[in-house]
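I opened the model to look up a few side chains and their surroundings. My entries follow.

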Amino acid sequence: MRGISLKKAFACARTEFIKWVLDARMIILCVLLIFIYSFAIEPLKANAELMGEPLNILEPFIAVANSGAILLIVPLVFLTLIADFPKIDTNTVFYISRVGRVNWLTGQIIKLIMMALSYLAVIFFGALAPMISKGFWYNGWSNVATRFAQRFPDKSGNFGVLLLPENLYNQLSVFSAAVKSYLLIFAYLMILGLILLSFSLIKKKTAGFVICGAVISLGTAFCSIKTGLMWTMPMANSIIWLHYTRFFREPVMPMWFSVCYLCGLILVLMIFSYAAIRRFNYDNVTEVAM
């Protein structure tokens with residue numbers, strides 16, 4: 001077994017990442033951005049126009065990253081875009097033989113990191129773009145987020161208000177909420193990708209898809225009913241406002257728990273993958289894609 005060559009691993013990741021970016025399925029991203037704009041950005045803009053005040057340009061992304069409904073769609077779309085990950089066919093077998101199993105696997109993990117980061121970057125900039133000319137950049141929440149319900153009590157239950165709950169703006173700064181949201185959702189997407197990778201290496205890719213679907217659906221269901229079981233799923237651990245109460249500093253669940261949970265699960269899946277690649281038999285690659 002040859003050692004890891006980062007040069008070969010990055011070359012492998014770069015080549016496959018470019019193919020992924022150029023895939024026709026990327027049109028789904030446009031549909032996702034339209035959905036995000038209609039579902040999250042328009043309600044916030046409507047509240048801002050009614051109040052006559054600007055939004056912080058980061059607030060739409062924070063709203064997107066903390067909406068249970070959107071966080072059901074975001075991982076499902078990502079799962080659709082990486083459906084053939086890791087792509088293993090007859091040509092791939094020769095490629096693995098040439099670069100080495102460990103280098104190929106390292107390249108797949110690097111590719112997954114690049115896919116998750118770029119996917120979230122598209123969502124991030126897609127949420128920011130409509131606000132650049134009408135919003136402001138500052139590490140503070142807008143009056144639209146913090147005072148709309150007081151100014152318009154009859155509209156305090158509208159969707160634009162619910163997108164930025166008090167659990168967020170009473171507990172975190174805008175910059176902190178944006179950065180933590182991005183990183184926690186990134187970890188969530190990494191877990192889904194690593195589940196696919198792990199089960200592909202033991203030639204049970206269909207089971208991997210089923211488990212990913214169960215992780216997403218159970219996470220959504222548990223978060224909807226606010227049961228303590230939600231902390232056993234990546235989804236709740238990636239939504240910041242669920243960690244806090246509306247007013248008190250004492251968290252419902254410490255952020256360090258979620259960081260340890262997500263990072264620990266990623267580490268376990270990576271260790272499993274490196275163990276599995278050593279025993280991986282690619283004589284019959286058709287079994288991997290099933």
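**Notebook: loop, core, surface**

I began with Phe152, which lies in the loop between helix H7 (143-151) and helix H8 (159-162). Helices are DSSP runs of H or I, at least four residues, numbered from the N terminus. The model is predicted: local features need pLDDT of at least 70, side-chain atom pairs count only at pLDDT 80 or more, and totals for chains, interfaces and linings use all residues. Residues are numbered from 1 along each chain as its sequence is written, and side-chain values use heavy atoms, without hydrogens and water.

Leaving aside neighbours within four places in sequence, I found Phe152 in contact with Leu50 and Met51 (heavy atoms within 4.5 Å).

Next, the core. I noted 98 residues in the largest nonpolar core, with Ile62, Trp104, Tyr119 and Trp141 having the most contacts inside it (buried Ala, Val, Leu, Ile, Met, Phe, Trp, Tyr and Cys joined through side-chain atoms within 4.5 Å). Helix H10 (residues 174-201) gives the largest share of this core, 18 residues. Beyond four places in sequence, the contacts of Ile62 include Trp141, Leu164 and Val174.

Last, I looked up Phe10, which is found in helix H1 (residues 6-21). Phe10 counts as partly exposed because its relative accessibility is 45%.

How values were computed
Helices (H or I, at least four residues) and strands (E, at least two) are DSSP runs, numbered from the N terminus. Buried means under 20% relative accessible area, exposed over 50%, partly exposed in between (1.4 Å probe, protein chains only).
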